Amino acid sequence: METKKTQVAIIGAGPSGLLLSLLLNKQGIDTVILERVTGNYVLGRIRAGVLEQGFAKLVRQAGAGHNMDTLGEVHHGVELAIDDKRVPIELTKLTGESVIVYGQVDITRDMMEEREKRGIEAIYEASNVQPHDVKSDNPYITYEKDGVKYKLECDYIAGCDGFHGVSRKTIPDELKTEYERVYPFGWLGLMSDTPPINDELIYAKTKRGFALASMRSKTRSRYYLQVPLTDKVEDWSDEKFWEELKKRMPKDAVKNLVTGKSIEKSIVPTRSFICEPLQYGNLFLVGDAGHIVPPTGAKGLNLAASDVATLYKILTRVYKQGDKKCIEQYSPIALRRVWNGVRFSWWMTDLLHNFGDDKDFYTQRMESSELEFFLNSEAGKKVIAEQYVGLPYEDLE
Ligand SMILES: Cc1cc2nc3c(=O)[nH]c(=O)nc-3n(C[C@H](O)[C@H](O)[C@H](O)COP(=O)(O)OP(=O)(O)OC[C@H]3O[C@@H](n4cnc5c(N)ncnc54)[C@H](O)[C@@H]3O)c2cc1C
């Protein structure tokens, strides 16, 4: 077995792992990333597209913000539509903040290129990645690459390996609590090279189910439909998708809809999942490895970024000031923001989707009354806007 050494070993080269490695590199802290699949495979995953300013600042700090700032679109508002009634939520007017629409694929590519340029090591197609002795002062990871077995010795391990990774499984069952809510529907997404239906995103609640009109640029649209979990992508031709979207988007928006051939179509299950704690010895769970949310509030990727921000501050303090004790702050600080994001995503998901017979008539009436209350009040809209643009990042003690 060949032995290698680094200060912080990072499992997973998704947005969390790449962002953390770039930030730590700026502080002179050495990292090695181990990724199970190829870089192209990572870039093939079409996912999030709405970035909070907190995330955008981190990406700039990491030295990978140039394309985001030149090609990304700053959005000052979003719309909620209840049947045909469109309600603008003026983010900047209500909060002074905005969001940036820039795809996860693009931000990942930018960070990959920056990593390569700066010579930060990443080992793609590393198999059987396994953390060991994470409670000790000498943790290490074993993995295989091209049939050769390796041992990577390190001080800390950042588990940035997504929901299905190995890091979370390293924490013994009796020491963690997992909270989960699985929703009885999925999101069918379609990407097309067509101009968006509207300048801002539209989140639409209708009796036929939820729909979202989103975008990646002025020429690329991303649309979603709430579908039963039993549906398969093959059940949805492009024509069928567009017809259903027309029935769910507000009528005066539909007249701007330009349809076209899909360039990607997929179904995402919707669920919330949170693991507590997010730290075990010298192992930290970051991003989807520790928590996932339904995409309704556009929070998944943004919560991953706030975890990275906290861990980055902690590891910088460890290496610059020798304060090893501060690692205990990671889980409580990260989880406070995570639970806020989980709550907002739950609220948006519950109120905007059609749960059919899963919700009794009384609950449905209460929910429409709650939505009406929020959307008819400046204070209510401000509460939505504050959460949509993202709560501030918490500092270390
Ligand atoms: C289909 C889909 C659509 C989404 N849409 C949205 C959206 O619209 N808005 C939003 O905010 N969020 C969305 N999300 C969530 C968002 O994409 C995630 O929150 C984000 O990708 C988290 O980044 P991450 O780096 O923590 O995890 P990931 O992106 O999952 O990256 C983890 C990486 O670890 C690697 N890995 C896994 N196991 C191992 C192992 N054993 N060894 C080595 N490497 C390993 C994986 O290959 C992967 O590259 C979506 C998620 C999905 C799945």
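Of the 30 residues around the ligand, which come nearest? In this predicted model, the nearest of the 30 are S16, E35, R45, Q104 and D288. By residue class, the shell around the ligand comprises 15 nonpolar, eight polar and seven charged residues. Two helices, α1 (15-26) and α10 (300-321), each contribute at least two residues to this shell.

In the side chain of Q104, an N or O atom is placed 2.7 Å from an oxygen atom of the ligand. A backbone N or O atom of R36 is found 3.1 Å from a ligand nitrogen atom. For L301, the distance between a polar backbone atom and an oxygen atom of the ligand is 3.3 Å. On its own the ligand has 1000 Å² of accessible area, of which the protein covers 88%.

Helix α3 spans residues 53-61, and its buried residues include Q53, F55, A56, L58 and V59. After α3 comes G63, which has a positive phi near 85°.

Across the whole structure, 17 aromatic pairs are found. Y156 and F284 make a tilted pair, with a centre-to-centre distance of 6.1 Å and an angle of 45° between the planes. Y156 belongs to strand β13 (residues 156-159) and F284 to strand β20 (residues 283-285), so this pair ties together parts that lie 128 residues apart in sequence. Both Y156 and F284 are buried.

The pair of Y179 and W339 is edge-to-face, at 5.2 Å centre to centre and with 85° between the planes. Because Y179 is in strand β14 (residues 177-192) and W339 in helix α11 (residues 330-352), the pair ties together parts 160 residues apart in sequence. Y179 is partly exposed, at a relative accessible area of 34%. W339 is likewise partly exposed, and its relative accessible area is 30%.

L303 is located in helix α10, which is one of the helices that supply residues to the ligand shell. The relative accessibility of L303 is 2%, so this residue counts as buried. Along the chain, L303 and G390 are 87 residues apart, and their C-alpha atoms are separated by 9.1 Å. E234 is placed in the loop that connects β17 (221-228) and α8 (238-248). With a relative accessible area of 67%, E234 is exposed. The C-alpha atom of E234 is separated by 23 Å from that of N354, a residue 120 positions away along the chain.

Terms used: Residues numbered from 1 in each chain as written. Predicted model: local features only at pLDDT ≥ 70, side-chain atom pairs only at ≥ 80, totals over all residues. Heavy atoms only, no water. Near = heavy atom within 4 Å. Polar contact = N/O pair within 3.5 Å; in protein donor to acceptor, adjacent residues only side chain to side chain. Areas by Shrake-Rupley, 256 points an atom, 1.4 Å probe, with all protein chains shown as cover. Helix = DSSP H or I, 4+ residues; strand = E, 2+ residues; numbered from the N terminus. Nonpolar A, V, L, I, M, F, W, Y, C, P; charged D, E, K, R; others polar. Buried < 20%, exposed > 50% of the residue type's maximum accessible area, 1.4 Å probe, protein only. Phe/Tyr/Trp six-rings, centres within 6.5 Å; stacked < 30°, edge-to-face > 60°.
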